[in-house]
Amino acid sequence: MDITTITSFRPARSRSDLRLNEGEVFIAGGTWLMSEPLPGTTGFVDLTTLDWPEIELTDDGLRVGATCTIARFLAWAEGRAADLPPVPSEWTAAHLVTDAAHALLASFKIWNTATVGGNVCRSFAAGAMISLAAALDATAVIWTPDGGERRMPVAEVPTGNGTNVLARGEVLRALEFPASALRSTVRLRKIALAELGRSGAVVTGRVDEDGTSVFTLTAATAAPTVLRFSELPDAETLAASVGSVSGYYTDPLGAADWRRGVSIEFAERIRAELEEAA
């Protein structure tokens, strides 16, 4: 749609260009910013012109630039991007990028514009890149307005459905995925009340090389929920843990008790698959 309040648009070329003037906000893909009126917003500062690397393989794992589009991230994970570094063969969890992308209520056309970082920064409960990042213990690299940097788990960035910890002027620079999580065995399940509707619950479960396990709930709870176990839990323990989580919510796309129920069911299905795969 036309955002009639916008009177300025400037590309960022360096960190000094990231100082926001009154009324300005950052834009990358813009798939949400351009979807509804923005009262009080008079200018956009384009992050894509900073030309951050999309995909980097490091000694510690994977670094994804926040302005990398979902389509490019998906192409890398599926081995379809010849200009990007190949997925290491031992990163068995890379398929989760595809699973998460298909949990996003968006067409492939949106994937070509929407960015990985934008999905995290919008912080909707059903944010598919949040599901991915929380499942694999990704770290958010955040640039602060004073020229510094801070880091925190992506799972702790959202504080509610559409709210997060980012202060005005802070910029999500990258997501960093640890190699240990990328080498894990992982599964994802999702459900929506409508065939093409937004996810009402997304549950992931993974088992690491040391036998520890992690289950995450997104979409079903207003903010990501991460449950950690020293080993793969039995069915009763997992059901009790998932069922006792706070944060299940009700909206037109699902009631809280339904979200709790399907989360318990999906967690058990994933647990059984992970047990069989061990």
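Modeller: Let's start with helix α1, whose buried residues are I70, A71, F73, L74, A75, W76 and A77. "Buried" is under 20% relative accessible area, exposed is over 50%, and partly exposed is in between (1.4 Å probe, protein chains only). This is a predicted model, where local features need pLDDT of at least 70, side-chain atom pairs count only at pLDDT 80 or more, and totals for chains, interfaces and linings use all residues. Residues are numbered from 1 along each chain as its sequence is written, and side-chain values use heavy atoms, leaving out hydrogens and water.

Colleague: Which residues does α1 span, and how many of them are buried?

Modeller: Helices are DSSP runs of H or I with at least four residues, strands are E runs of at least two, and both are numbered from the N terminus. Here α1 covers residues 70-77, and seven of its eight residues are buried. Just after α1, G79 has a positive phi of about 70°.

Colleague: Which residues touch the most other members of the largest nonpolar core?

Modeller: A nonpolar core joins buried Ala, Val, Leu, Ile, Met, Phe, Trp, Tyr and Cys residues through side-chain atoms within 4.5 Å. Among the 59 residues here, they are L62, F73, M129, L132 and F177. Helix α1 gives the most to this core, with seven residues.
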